[in-house]
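Work through the exercises below with the sequence and the model at hand. Each task is followed by a solution in steps.

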Amino acid sequence: MTEILTDSLQAVFAILIFPGGLFVLALGLFLKGVDRKVLARLQRRVGPPLYQPVLDLIKLATKETLIPNTANEGAFRLAPVLGLTGMLVTAALMPIGGVWSGVSGLGDLLVLLYLLPIPAMGLMLAGGSSSSPYGALGFSREMCMMFAYEMPLIASFLAVAVRVGGSDGTGGSLLSLPAIMDYQFQHGPLLFDPVMLPAALALILFIPGTMGHGLFDIPEAESEVLEGPLLEYSGPLLAVFHLMSAVKLVVVLELGVALLCPNPLVATGGGGVLVNLLWHICKCLVLLMVSVTCFRAATGRLRLDQGFSFFVKYTSPLALVSLGLAFLLR
Amino acid sequence: MLQLLCKLASRSPWIYRINAGSCNGCDVEMATTALIPRYDVERLGCKYCGSPRHADVVLISGPLTLRVRDKVLRVYNEIPHPKVTVAVGVCPVSGGCFRDGYTVGADIDHYIPLDVIVPGCPPRPQAIMEGILKAVEVWRARLEESVCCHS
């Protein structure tokens, strides 16, 4: 009985404070600020201060909330909250090397596959319920892109699972995140495993795809569909969407770090946890620079069909190559 | 405390442009010189938004032609309070060189309250940016008013 109680308390703590909840919100806003600042410096601008995302949130909280009278009000209000809560729960599942190995029983890679599309679902609900033609366009674009970027994600998850599961000689596959971390602590990061290199590349391309940056800024293209699903949102509800996107950024970066290079810098114990946490944030920053900031500074938007076929033609085969190799070398 | 919040909030003005029948001269100044990398308004926290619902500062250019008048008013009413309006160029205040044209009705300030006017045909980029800064001050006062009234 007490075990169940402590387990559920631990889960609540994980979702509300660390590594989900407050921690992930703060980290997400920080990463967003770094992203905007570095992007500005890459374009030889001064750029906004690092805490600009926080200022934006404060500003949005002071604004009026307008709801179109043709919109479905319930769904319109539910959409941002749904996306944010979904992402906070997902953030609680994310292990941090040397600091946190995830709540046992909360979930593994399969659960992640179901949780990761929740923000996209929230955006689709938002676009659909807002009764705006641009919202509907954003809805269809978001859905198309989701089908496109889920494929390489599933394939690279499978590649990782088969690679890790094959190591113990039984030839099975492992979907548990702590086990994948343990494998990398013993055998070195998967990022430096030649078999997994294509899948790593696919995962790095998945991040801007799901965040909608650079080439894949298709669902919320502000000069084409006027920010699509977010068009009709104003004030606090828009702020919740911004929080959702910040948390989602952290979740996909942490996912990349956990699957590719979760190794801690020093042994756990004493001040080691803090050092490892900082080390983890550094890795997130590096991944952010590679797959979001530099990517969107260097590329422009594709058309929807081009974006879709990019994932089908180039990214999915990369992940499938890894999957095939991992399967053969089991 | 509330004043501090207003001060922080006013450092994130999001900009929305309305073209009310402009000849495109002011729009070129806004889009390609003043509000894009060279003069970098993002360092003031500004962001371009595609949707009027996200906007705080509205930039209006051009004389209000009869054909777009109702649409401009409709878009203006979509912008949530508190908001400020900046007229860019001489056209919004006087009609400029179009003032006697058969397509131009009354001046914009008969329909929309203008807070800051940036004259010029077209105005210099520096002038537009100064106009935005002045608009932000007006907006901050309005924010303090609305936040203090609510509480």
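**Exercise 1.** State how many residues of chain B are in contact with chain A, and describe the side of chain B that touches chain A.

Solution. 
- Step 1. The model is a predicted one. In it, 27 residues of chain A are in contact with 19 residues of chain B.
- Step 2. On the chain B side, two or more residues come from each of helix H1 (2-9) and helix H5 (125-150) of chain B.
- Step 3. The most is given by H1(B), with three residues.
- Step 4. By residue class, this side of chain B holds eight nonpolar, six polar and five charged residues.

**Exercise 2.** Find the secondary structure pattern of chain A, and decide how compact chain A is for its length.

Solution. 
- Step 1. Count the elements: chain A has twelve helices and zero strands.
- Step 2. Write them in sequence order, which gives α-α-α-α-α-α-α-α-α-α-α-α for chain A.
- Step 3. For the extent along the principal axes, the C-alpha atoms of chain A fill a box of roughly 60 × 50 × 45 Å.

**Exercise 3.** What percentage of the residues in chain A is buried, and what percentage of its contacts between residues at least 6 apart in sequence joins residues at least 24 apart?

Solution. 
- Step 1. Call a residue buried if 20 or more other C-beta atoms lie within 10 Å of its own. Of the 330 residues in chain A, 51% are buried.
- Step 2. Keep the contacts in chain A between residues at least 6 apart in sequence; 79% of these join residues at least 24 apart.

Notes: Residues are numbered from 1 along each chain as its sequence is written. Chains are lettered from A and ligands numbered from 1 in the order in which they are written. This is a predicted model: local features need pLDDT of at least 70, side-chain atom pairs count only at pLDDT 80 or more; totals for chains, interfaces and linings use all residues. Two residues are in contact if their C-beta atoms, placed from the backbone, lie within 7 Å. Helices (H or I, at least four residues) and strands (E, at least two) are DSSP runs, numbered from the N terminus. Ala, Val, Leu, Ile, Met, Phe, Trp, Tyr, Cys and Pro count as nonpolar, Asp, Glu, Lys and Arg as charged, and the others, Gly among them, as polar. The radius of gyration is taken over C-alpha atoms; the globule rule is 2.2 Å times the number of residues to the power 0.38. A residue is buried if 20 or more other C-beta atoms lie within 10 Å of its own, exposed if 12 or fewer, and partly exposed in between; C-beta atoms are placed from the backbone.
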